[in-house]
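Please walk me through this structure in plain terms.

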Amino acid sequence: MSFLHVSRDGEIATAILSRGKVNALNEPMVEEITRSFEDLATDNEVKSIIFTGSGKFFSFGFDVPEFLNYSKSDFIRYLEKFTNFYTYLFLFPKPIVAALNGHTIAGGCMLATACDFRLMVTGKAKIALNEITFGSAVLAGSVEMLKYCVGSRNAQSILYNGTMYSAEEAFELGLVDQVSSADALAEDARKVAQEFAKKNSSAFRCTKHLLRKSASEEMIKREKDAILDFVDIWYSEQTWENLKAIKIY
Amino acid sequence: MSFLHVSRDGEIATAILSRGKVNALNEPMVEEITRSFEDLATDNEVKSIIFTGSGKFFSFGFDVPEFLNYSKSDFIRYLEKFTNFYTYLFLFPKPIVAALNGHTIAGGCMLATACDFRLMVTGKAKIALNEITFGSAVLAGSVEMLKYCVGSRNAQSILYNGTMYSAEEAFELGLVDQVSSADALAEDARKVAQEFAKKNSSAFRCTKHLLRKSASEEMIKREKDAILDFVDIWYSEQTWENLKAIKIY
Amino acid sequence: MSFLHVSRDGEIATAILSRGKVNALNEPMVEEITRSFEDLATDNEVKSIIFTGSGKFFSFGFDVPEFLNYSKSDFIRYLEKFTNFYTYLFLFPKPIVAALNGHTIAGGCMLATACDFRLMVTGKAKIALNEITFGSAVLAGSVEMLKYCVGSRNAQSILYNGTMYSAEEAFELGLVDQVSSADALAEDARKVAQEFAKKNSSAFRCTKHLLRKSASEEMIKREKDAILDFVDIWYSEQTWENLKAIKIY
């Protein structure tokens, strides 16, 4: 099992989402990513991390067809693991640079907003929190992270409309911090990660914590209830029909 | 008594403020609007609501001349009803599109900021939270809703200056989301309301709640004290002189 | 001892930081500024305050060479006084206009963000929260005030990079509200202070309080722990070497 390929070049680690063609998230994958990031947190040689995807997707988000076979309690357990992971990522003690190599959708976008900097490839790739377009709610932490990234006004617009944004549109909204060509993305991300790696690790960790602590407290405070609401809507008749129509392979 | 004309066209309800020439708010009007929105909340055929005004005003705000005849305890009771209503509106379970057909002042602007989307007519119409220009404080919830809409920096600027903004200026500040000509406003608002009506109702309600819950908690937490401070300043000698000079008919 | 020259012209007081060439902050200076602002708060003839510096600096920030001779407990006591002061300034009952006459660095920038309006001189002067560049953390209140001024996204960018910004760049970020030439700064600041002085004092104080109360609660809630983390990093080997290299006279 290897849904996250981790390599290291000097002080910079690169973690590549790798599952099928679209890097759709399921429970074993979230467990593996969590363990890998826990290892990166304690690896003293790693100063900053590039988080990217293989192929034409950063991540499609949840592996919907697979989850349709989960029981409700299994799905809740997955959601707890997923939200625990993005909360952990949001407060991760080292800088994480998201190199969005392709489509960054729903749960994939949630992971991206947890990072410290987002570069996105120009061209056909889209980024979205499009849950509302298929009748799904979102999760409490994802809303807080989005508000942290783009402010409450743009967060509301992004979530109410569920629009698929190009890199340029996402840059205008503050959802990504830099737009790169496909050829330049890896090198651009490396430069950003190198700048982060030069910073004093303790000062960075403490500053990040001060910036994000109040948002993370809101995330944690609201997530349990939000998961239950999310699940109720997920299993509702109308949403279920939409979910069954989603094909990812 | 009918200070709010409510009609329905398919899934879209339209609620029109209608009191005198300027739709100034008083206690019976706030009570009626509250009841009408409670009805809209439970009417299963209504998916989204357009909230607008008759004549050249969305709303002038409080009916100041009338309130000058209220006792202090009556005025406090009115303020409790008004702030309860805008808090209810801010968390309303269905999408509300404010079609600001004309001047949108003080308490009128507070109601507008509670909505999910604001279109404003171009031309002479102004929008303002101009309380400071006549020596009045504002209310706790109105500050939180304004910060939610435009961020704390623009909120501070709007409240410190009390400027009367054109639709274009308000758009720049993020206080309105779309500017329409007088001829196009109704149709533009209908299009926005139709887009909202297409969304899954449960997913919308849950997403809105996640976006707005922390702001609404601040609103509720601070409102009681804010009303007392507001009333102290309202009845102070200097402010009272300003209030007596306000004519609205 | 006079590290803050206070004068008054009509309803407007001017407070000028005056210590050495760079107005570096130490404990007696913070104590004196605190007492002076407490006097300004209760002086009924003062309606608004201009806060500026002498020479080519608004303030360099902490007097690092002096603090290297402090014991850890003395330094903690200083940090408590400094953070208490900026919290007091952030909620100060009268309008404070920061006229940033020159470099506004680190602790100097923290004081600036506590004010109600910032004008900055164009030219060579820089403004920065550059702590991360010499391996220092920041303080909890400074992060909350910065988020209040520029939003969380720009706050993160400013703190992660530690960039020295020109007045124009700072204006783009929302860190200053107006850019003035060196010749015009004093007069421009006076005009802004005069506009503030015209406002009803009680309405202003109450509105400011409503705008800033939630941020100030976060500041107070987190500061004690933040000071301890700040001190741990300050006395760490790598940061200490950087601090020893800082010359200010």
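Angles between axes are sorted into classes: under 35 degrees counts as roughly parallel, over 145 as roughly antiparallel, 65 to 115 as roughly perpendicular, and the rest as oblique. The model is a predicted one, in which local features need pLDDT of at least 70 and side-chain atom pairs count only at pLDDT 80 or more, while totals for chains, interfaces and linings use all residues. Residues are numbered from 1 along each chain as its sequence is written, and chains are lettered from A and ligands numbered from 1 in the order in which they are written.

A helix here is a DSSP run (H or I, at least four residues), numbered from the N terminus. In chain C, helix α5 (residues 140-161) packs against helix α8 (residues 201-234) at an angle of about 155 degrees, and their axes are 7 Å apart. The axes are lines fitted to C-alpha atoms over the stretch in contact, with angles running from 0 to 180 degrees between N-to-C directions. α5(C) and α8(C) are therefore roughly antiparallel to each other. The crossing of α5(C) past α8(C) is right-handed, that is, the near helix is turned clockwise from the far one by less than a right angle.

Residues are in contact if their C-beta atoms, placed from the backbone, lie within 7 Å. On the α5(C) side, the contact involves C:Ala140, C:Gly141, C:Glu144, C:Met145 and C:Tyr148; among the residues that α8(C) supplies are C:Arg212, C:Met219 and C:Ala226. Sorted by class, the contact of α5(C) with α8(C) has 6 nonpolar, 1 polar and 5 charged residues. Ala, Val, Leu, Ile, Met, Phe, Trp, Tyr, Cys and Pro count as nonpolar, Asp, Glu, Lys and Arg as charged, and the others, Gly among them, as polar.

Next come the contacts between chains. Chain A has 23 residues in contact with 17 residues of chain B. On the chain A side, α5 (140-161), α8 (201-234) and α9 (237-244) each supply at least two residues, and α5(A) gives the largest share, 9 residues. This side of chain A has 10 nonpolar, 8 polar and 5 charged residues.

How are the copies related? Chain A is superposed on chain B by a rotation of 120 degrees with 0.0 Å of shift along its axis (RMSD 0.0 Å). The two copies are thus related as by a three-fold rotation axis. Superposition is by least squares on the C-alpha atoms of residues with pLDDT of at least 70 in both copies. In chain A, the C-alpha nearest the axis belongs to A:Gly151, 4.1 Å from it.

Technical notes:
Two residues are in contact if their C-beta atoms, placed from the backbone, lie within 7 Å.
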